[in-house]
Amino acid sequence: MTDLATLETDLTAQIAAAADEAALEAVRVAALGKKGSLSALLATLGQMAPEERKTAGAAINQVKDRVTEALGQRREVLKSAALDARLAAETVDVTLPVRESPTETGRIHPISQVMDELTAIFADMGFAIAEGPDIETDDYNFTKLNFPEGHPAREMHDTFFFNPKPNGERMLLRTHTSPVQVRTMLSNKPPIRVICPGRTYRCDSDQTHTPMFHQVEGLVIDKGSHIGHLKWILEEFCKAFFEVDSVKMRFRPSFFPFTEPSMEVDIQCNRQGGEVRFGEGEDWLEILGCGMVHPNVIRNCGLDPDIYQGFAWGMGIDRIAMLKYGINDLRQFFEADVRWLSHYGFRPLDLPSLAGGLSS
Amino acid sequence: MKFTLSWLKDHLDTEASLAEVTETLTRIGLEVEALDDPGAKLASFTIAHVISAEQHPNADRLRVCMVDTGSGEPVQVVCGAPNARTGMKSVFSPPGTFIPGKGITLGVGTIRGVESRGMLCSAAELEISEDHDGIIDLPEDAPLGARYADWAQLSDPVIEINLTPNRPDCTSIHGIARDLAAAGLGKLKSDVVPQVKGAFPNPQKVTLALAKGEEKLCPAFALRLVRGVRNGPSPDWMQRRLKAIGLRPINALVDITNYVTFDRGRPLHVFDAKKVAGALVVRRSQAGETVLGLDGRVYGFTGHETVIADDNGVESIAGVMGGEHSGCDDATTDVLIESALWDPMDIARTGRNLGIVTDARYRFERGVDPNFMLPGVELATRLVMDLCGGEPSEVTVAGAVPDTGFIINFPLSETRRLTGLESSDREQRRILEALGFSVSGNGPMIKVSPPSWRPDIHGKADLTEEVMRIAGVDRVPSTPLDRGGTVPKPVLTLIQKRTRMAKRTLAGRGMVEAVTWSFIAKAQAELFGGGQPALALANPIASDLSDMRPTLLVGLATAAQRNADRGYGDVALFEVGQVFRGDKPDDQFMAATGLRRGLARPTGAGRHWQGTAAADIYDIKADAMAVLAAVGAPMAGIQVVQGGPAWFHPGRSGTFQMGPQTVFGAFGELHPRVLEALDVKGPLLAFEILLDKLPPPKVRPTRTKPQLVLSPFQPVERDFAFLVDRAVKAGDLVKAAQGVDKQLITSVEVFDVYEGKGIDAAKKSVALAVTLQPRDKTLTDAEIDAVAAKIVAEVTKKTGGTLRA
């Protein structure tokens with residue numbers, strides 16, 4: 001039996017020495033293949049006496065089993081090593097930069113973003129969004145809004161005019177979003193709750209004025225809304241928009257031809273350190289004008305001012321965007337400088353909502 | 001409107017502090033715009049007595065002074081002024097004082113070995129004059145220890161209010177005092193002006209020569225002669241006040257008119273009677289007439305201005321500015337005082353047309369108190385006699401002061417209805433009466449007559465404003481608006497939703513939203529089919545912002561160039577905004593427009609190790625299609641037709657349409673000639689879609705989606721490569737293949753297009769991947785081959801293509 005023991009020792013050594021799966025297969029074939037050494041030994045059994053065959057057979061089969069198992073184990077080791085080697089060879093440089101997602105590089109302009117914020121807040125309070133044309137008639141922009149012809153208040157509007165038509169009518173670029181009030185009242189029955197955001201134009205240009213800017217107008221018309229409600233709406237709006245828990249506002253009596261009583265509204269803030277913080281501080285910052293819709297305007301829109309009443313307010317979208325997001329120069333809004341837009345703009349999926357927060 | 005605190009106190013008996021006055025002004029609608037309180041700036045400077053001034057031991061030009069400040073021990077001060085001397089009174093400032101003229105805060109110092117605990121000051125150091133020759137030398141009776149600014153009457157605070165155009169009554173300090181008194185800040189002093197009896201008839205003739213129907217241009221005109229006056233500088237107190245509010249003193253007669261203008265909101269004019277020839281006539285100007293104004297400029301008339309003329313010609317622009325010729329100077333001995341009423345609109349128009357802004361115009365165009373026309377003459381007469389002497393004539397009045405009185409029936413409940421303010425009947429009456437309204441009647445409805453100085457009051461709403469602003473807007477409680485108790489419904493309109501979707505979609509493709517001007521240069525507008533006369537501004541702010549834009553492409557293309565000029569050439573910009581095809585509301589459209597330049601591709605801009613390529617027409621087409629899909633356009637029905645508007649490259653552009661009558665956009669490379677005209681370097685890829693032109697989505701009764709039917713059989717994919725003429729459109733191949741069996745063929749994709757080596761130079765190879773989705777059973781090879789044969793036949797028939805071997 002020493003032959004068998006020698007063979008086993010020999011095979012075991014060969015298995016352990018096999019450097020790869022091919023070498024191992026060669027060992028297997030040499031041992032267990034049709035002409036393999038162990039197969040040859042098994043073939044000798046047939047010539048043995050039954051007794052001898054029994055013991056020799058058992059011994060050879062035990063060796064065969066052990067060799068088979070050793071082959072299996074070695075195969076697993078080699079396979080695993082081969083995989084490791086392959087994977088090691090497949091190593092890539094993970095520090096190579098990838099393209100930024102377009103949803104990270106795209107930008108929404110601050111004006112669009114703020115309009116969406118306004119919509120989120122006021123839609124929740126039951127306001128619809130009304131719109132009107134940029135090119136308006138003198139009647140809708142001024143006369144129906146109780147600006148008498150030749151009144152100094154008209155002059156203060158720095159209106160852009162078009163050339164008069166043969167019939168004498170002269171169109172203009174709306175100087176405020178208030179003509180949308182008129183259009184809304186003329187085409188809708190009270191109760192009315194709308195905000196009217198849009199582009200407005202005045203023939204004026206300096207550090208803080210551009211010939212084109214954006215306003216949002218609010219209008220409530222029903223049978224009972226008064227200045228107390230107006231105050232509440234504006235306070236709630238300011239808290240929601242500026243995302244602060246409390247805000248102190250100052251309502252100052254003022255004058256607009258289309259409201260009576262009229263007020264301007266200041267908001268208390270802290271302007272130290274080049275940053276405006278609301279809900280604290282000692283400074284007052286004017287943010288909007290408002291008032292009860294003038295009886296003449298209500299009448300001009302076909303409603304009876306002794307039955308219907310309501311209020312309106314208007315503010316600059318660009319201005320509140322600047323205040324909220326700390327933007328200094330209004331002119332940059334319309335420069336389309338990608339550096340500015342990338343910095344002050346918003347990502348496409350920054351969707352303002354009351355549930356998730358206006359800004360995140 | 002500017003005034004000083006002491007001037008206000010001429011009309012208001014009050015103990016209120018400056019802070020209370022300014023806070024109240026803002027609270028009642030007279031917003032304080034600026035406050036200059038020189039007294040606060042000079043508060044630490046006090047009157048002191050120099051007990052002794054001795055030579056400094058170590059410096060020839062310095063003196064060591066012992067100063068009695070009026071409190072405590074004498075203070076040692078080292079002083080360099082040549083006029084410092086024992087026994088004098090001067091102005092002292094202790095350490096810690098900010099010296100305005102030097103811009104420093106004083107400290108305790110040691111000067112050449114001697115300690116100095118304060119400073120004796122020159123006028124220049126206080127910034128009250130240029131005089132820095134020595135320290136202020138005060139008379140002996142100057143009160144020791146008193147604040148110098150108070151004693152020298154330098155501390156009168158100047159308040160400037162931002163007056164709204166509806167309040168002519170507060171162009172008068174008396175009117176401001178009335179508002180403050182009504183708000184509880186003191187007592188309004190009487191404004192009754194005693195009449196001055198005329199000593200002789202007024203020899204100066206006045207006529208109103210206005211055409212019938214134009215009488216309202218000058219309802220009344222009062223004139224009085226004062227003879228034997230001595231003109232010269234006005235007294236210090238008057239000059240001080242005028243200077244404080246920014247007026248330049250001229251001479252007593254002129255200063256009196258300015259003083260009354262501010263004191264009572266009553267503009268006046270004075271003529272030198274000896275320079276007036278013949279009657280003074282109020283009339284319309286004649287075209288071509290001119291006058292040399294008191295400001296030294298010559299004004300020409302058009303025939304539309306109201307003027308005061310005599311035999312010499314025009315002497316004064318009515319209600320706006322007097323003329324130099326008949327103006328008063330130091331030699332004037334006989335003065336004519338004019339107090340008249342003018343039409344506000346007329347004054348506004350004249351002032352605007354002539355470009356004149358004066359304190360008189362400011363008041364007349366807002367509306368002066370007609371009932372103060374005559375008291376204005378009396379007040380001015382009294383001042384002239386007090387300051388210049390002289391003897392007054394009787395007052396001549398041409399025309400008549402109109403009665404502006406009327407009555408408003410005012411239900412006191414109106415205040416609560418419109419403002420939500422709880423104000424008692426008694427309080428409302430008290431406020432209205434304090435503001436000069438006459439109130440009569442008891443109970444819920446009262447009769448209110450506005451005073452003659454309040455032309456802004458027309459009806460009930462105006463009265464509620466008066467009550468609210470004086471009672472205080474702060475008293476109106478915030479009241480929650482009823483929100484209806486339901487979950488709010490969606491409010492956006494279709495176009496609003498499309499606008500938002502288009503913006504977010506394009507930004508999601510890596511593009512950056514721009515907002516550009518609604519107006520562009522005419523030449524630019526014309527390049528894009530705009531520039532019509534109806535869309536040209538009559539008064540553009542700049543020649544390159546003259547016409548309403550027919551497209552957003554100009555704004556984006558020029559913006560791309562500006563960015564490129566700054567070193568950012570790979571930009572992808574978009575704008576969703578209004579474009580104009582006419583001046584009617586229906587001519588305004590909402591356009592979604594995008595533009596790509598350089599290497600700004602949808603996958604990312606700039607060079608990259610994974611591959612670098614310039615943006616191309618298919619990138620911009622994909623942007624446009626993304627917008628169309630996002631806003632709910634019927635994608636299956638949209639045709640992409642070769643070619644686009646003239647501003648696109650003729651061979652590299654396409655049009656989106658649903659039939660030739662329903663075109664809603666185009667895309668492609670912008671035409672090089674157009675870019676050159678815009679002074680923009682290309683190539684630029686762009687698209688524009690008019691969102692309003694897209695059909696609205698079908699209204700469906702429920703939100704249920706169509707039932708999903710999934711086939712249990714595997715789809716089969718077959719590839720075909722066709723050789724076609726280069727001009728053949730891939731879209732036609734796809735359409736032909738698709739049309740073979742719309743049920744079975746679920747998709748046809750173009751997966752390769754090849755031109756070049758190996759095929760005919762006039763041909764291209766287009767490879768299609770066709771997916772067949774069996775529904776009821778697995779397809780047999782024979783069935784698949786039959787469909788494939790039909791596809792080849794159909795493509796060949798429609799496009800002349802042959803299956804590539």
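Reader: What is the bridge partner of A:Thr259 in β9(A)?

Author: In this predicted model, the bridge partner of A:Thr259 in β9(A) is A:Val293.

Reader: What makes strand β7 (residues 259–270) of chain A and β9(A) a pair?

Author: Two strands pair if at least two bridges are found between them. β7(A) and β9(A) have 9 bridges, in the antiparallel sense, and therefore they count as a pair.

Reader: What joins β9(A) to strand β10 (residues 309–316) of chain A?

Author: These strands run antiparallel and are joined by 4 bridges. In β10(A), A:Ala312 is the bridge partner of A:Gly291.

Reader: Why is strand β9 (residues 283–293) of chain A called largely enclosed?

Author: A residue is buried when its relative accessible area is under 20%. In β9(A), 8 of the 11 residues are buried, so the strand is largely enclosed by the rest of the structure.

Reader: How many residues of strand β4 (residues 192–201) of chain A are buried?

Author: In β4(A), 9 of the 10 residues are buried, and the strand is mostly covered.

Reader: Which strands pair with β4(A), and in what sense?

Author: Strand β1 (residues 128–129) of chain A runs parallel to β4(A), with 2 bridges joining them. Strand β5 (residues 212–222) of chain A pairs with β4(A) in the antiparallel sense over 10 bridges, and A:Thr200 stands opposite A:Phe213 in β5(A).

Reader: How do you know that the span of helix α10 (residues 373–388) of chain B is close to the expected one?

Author: The expected span is 1.5 Å times one less than the number of residues. For the 16 residues of α10(B) the expected value is 22 Å, and the helix reaches 22 Å from its first C-alpha to its last. Just after α10(B), B:Gly389 takes a positive phi of about 70°.

Reader: What covers the buried residues of α10(B)?

Author: The buried residues include B:Met373, B:Leu379 and B:Cys388. Among the elements covering them are α6 (236–244), α7 (252–264) and β24 (335–340) of chain B.

Reader: Why is helix α12 (residues 425–434) of chain B called roughly perpendicular to helix α13 (residues 460–471) of chain B?

Author: The two helices pack at an angle of about 95°, with their axes 9 Å apart. Angles of 65 to 115 degrees count as roughly perpendicular, so α12(B) is roughly perpendicular to α13(B). The residues of this contact divide into 6 nonpolar, 1 polar and 2 charged.

Terms used
Residues numbered from 1 in each chain as written. Chains lettered and ligands numbered in written order. Predicted model: local features only at pLDDT ≥ 70, side-chain atom pairs only at ≥ 80, totals over all residues. Heavy atoms only, no water. Buried < 20%, exposed > 50% of the residue type's maximum accessible area, 1.4 Å probe, protein only. Contact = heavy atoms within 4.5 Å. Axes fitted to C-alpha atoms, helices over the stretch in contact; angles between N-to-C directions. Parallel < 35°, antiparallel > 145°, perpendicular 65-115°, else oblique. Nonpolar A, V, L, I, M, F, W, Y, C, P; charged D, E, K, R; others polar.
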